[in-house]
Amino acid sequence: MEKILPIGEYIEEGINSLEQNLSFLWRAIDDGISWAVENLNDLFLSIPFIGLLLLIAIAAYYAKAGKKSFTKAGFKNAYGLTVFVILGLLLIYAMGYWEEAIQTTTLVLVSTLIALVFGIPFGIWAAKNNTANAIIRPILDFMQTMPAFVYLIPAIFFFSVGNTPGVIATVIFSLPPSVRLTNLGIRNVPGDVIEAGRAFGANENQILFKIQLPLAMPTILAGINQVILLALSMVVIASMVGAKGLGAIVYQGIQQNDIAKGFESGLGIVVLAMILDRISQSIGSKK
Amino acid sequence: MADEREIRLKVEDLTLIFGKKKEEALKLLNQGASKSEILKKTKCTVGVNKASFEIKEGEIFVIMGLSGSGKSTLIRCLNRLNDPTAGKVFFKDHDITRDTNKQLLQTRRTEMSMVFQKFGLLPHRTILENAAFGLEIRGENKVEREERAKQALKTVGLEGYEDQLPANLSGGMQQRVGLARALANDSDVLLMDEAFSALDPLIKSDMQDELLQIQNKLHKTIVFITHDLDEAMKVGDRIAIMKDGVVEQIGTAEEILTDPASDYVKAFVEKVDRKTIITAETLMFDRPTIVRFKKDGPKGAIRKMREAGVDVLPVEDDQEKFLGYVWLKDMLKLEKEKAKTIETVLHTEVPSVYKHYKVEEMLPLITGHNHPLAVVDEEGKLIGLVTQTSLIIESTRYSDKEMDKLIDKANEL
């Protein structure tokens, strides 16, 4: 069939001109992301396995038990998660994918951080301003429903292969829930509490920071949890453009038709996903 | 006597219109169009329609009306949580409707505090932090604001709950926190929007008593919104009755009950929940001036009557037992005769009631007399007096006919 409206070509032209005219910007982004990923990676890998295992286990325990860490109730609540985290990490180590798991985690952390830095302020804006919300919503729909692979093409175009296009594609793909849930959380803060704040003379900033954000926090944290999980799933796909980590092993498995490799790395991703999910969730659900 | 007090809040022709074509609606309203006409023509709702009143320093001013009458809208105009479409609101001498945003925040922070029907507490903060919220917004340092919040919590009887979270407290206690938060700010004006309406009847009554006690100590200017006439009568020095955004009548409880300004007010007053049974205890004023049978001669009794501004006083013996009444005219006669005791003119054949007696039980007792009803305890000690006026006010809630009968009887006497 003949194309009447070649939208794709317009987009391509636009992206071409962006690439040429703003090359300094892409270079700066590339440098920044590469720097963050490499340094964080090196930092994690400089700690011996046992040490990092203990650190993560302690972090998981504290995330679950919180202020009750040193009480019986806290222990009862958190030991299950802690044991699971230790066993899971041991399994990954035993399969020989420790380094790859660290690389994946690093990419997830960096992507999540970038996503949140943009997502939460946009979420606040969307909650406070209906026009902004009306504009932001379809963009989020677009970001979430566009097949994830599609982002990889311009990402390579701007940043060539490596970790950076992976991170960029991941950020785009995983950002929407942080905007949506921040927006939702703030909009769901009961009107009477906000009215009380206003009646006592709170200005917009005080209402945001003393009332809306604290009350929206559980919802925002649920959003962060979603971002982390989406980032993990995207980081795996991003290995197609050269991002390192467990995803790269899965990719190798596919190319070499290696069932063992594919299964092991897949299992590693599942374990990693569960650990990240449970830890981030328990931060959110704790009082 | 109320006239000597300074005017704290003054509302002039306050109008608030909801909707998009406010200007047009306001014009129609000024031409005398009705609320429904305006709604039809402009799709605007008139929330408050030219309300005017003055509230004096230290007064509890109740705004009463059914839901949709505009009372909550009106109270929100006083601190501009709702921005009035037209009219003025003066706090002392400055017109709040002209405040800039910054001035407005300042007014809300220092001059007016509000208590809400749904409490409006922050669930993630402790009771102490909630009570200190207004001071925190105002920028007081932590030590200072917690000190004052503690004091306020003590005033409302919540000592020891400082570190709890609101969710752990009952509704009544949560509202005490709301009240403490408002008191901690130490502002002159308290705006109470259906503050006790969400509470159980018993707790509600407790809170009303407590508010009155606090008011006795602190003498705030209180604007109190309610849909409950009993509550309005109990706490209000003056009451404004609202209907469809219009203030129908302003007056004391007595004035409104005895002389309703419109059919609406009359219907409202009649429609009061008849099941609420008013007892002698709620009606009586306690610690009345008392003539002591042995100690006070005619001269002492006359002096006491002059001081209290009445012409009849109860008499009790040295065991504080209620004996009867003496009248000013008899005392004056005795004084002329240079009599030393009041025994000869003491009216002892008078009814007295216990404090749980109801209005309907007391009404028959006042016929044929014109002195107040004595309320006594089991040992016959006088604990208070119910005036005939207050009984008659209560009786107006029953029917007009009974009211007429009572007035006739009163005239005969």
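User: How is the handedness of a helix crossing read, and in which sense does H7(B) pass H8(B)?

Analyst: A crossing is left-handed if the near helix is turned anticlockwise from the far one by less than a right angle, and right-handed if clockwise. Here H7(B) passes H8(B) in a right-handed crossing. Helices are DSSP runs (H or I, at least four residues), strands are E runs of at least two, and both are numbered from the N terminus. The model is predicted: local features need pLDDT of at least 70, side-chain atom pairs count only at pLDDT 80 or more, and totals for chains, interfaces and linings use all residues. Residues are numbered from 1 along each chain as its sequence is written, while chains are lettered from A and ligands numbered from 1 in the order in which they are written.

User: At what angle do H7 and H8 of chain B pack?

Analyst: Axes are lines fitted to C-alpha atoms, for helices over the stretch in contact, and angles run from 0 to 180 degrees between N-to-C directions. Helix H7 (residues 142-155) and helix H8 (residues 171-184) of chain B pack at about 130°, their axes being 8 Å apart. H7(B) is therefore oblique to H8(B); angles under 35 degrees count as roughly parallel, over 145 as roughly antiparallel, 65 to 115 as roughly perpendicular and the rest as oblique.

User: Which residues of H7(B) and H8(B) meet?

Analyst: Two residues are in contact if their C-beta atoms, placed from the backbone, lie within 7 Å. From H7(B), Arg148(B), Ala149(B), Ala152(B), Leu153(B) and Thr155(B) meet Ala180(B), Leu183(B) and Ala184(B) of H8(B). By class, this contact has six nonpolar, one polar and one charged residues, where Ala, Val, Leu, Ile, Met, Phe, Trp, Tyr, Cys and Pro count as nonpolar, Asp, Glu, Lys and Arg as charged, and the others, Gly among them, as polar.

User: How many residues of chain B are in contact with chain A, and which element gives the most?

Analyst: The size of an interface is often given as the accessible area lost when the parts come together. Counted by contacts, 16 residues of chain B face 14 residues of chain A. Helix H4 (101-110), strand S6 (112-115) and helix H6 (133-138) of chain B each supply at least two residues to that side. H6(B) gives the most, with four residues.
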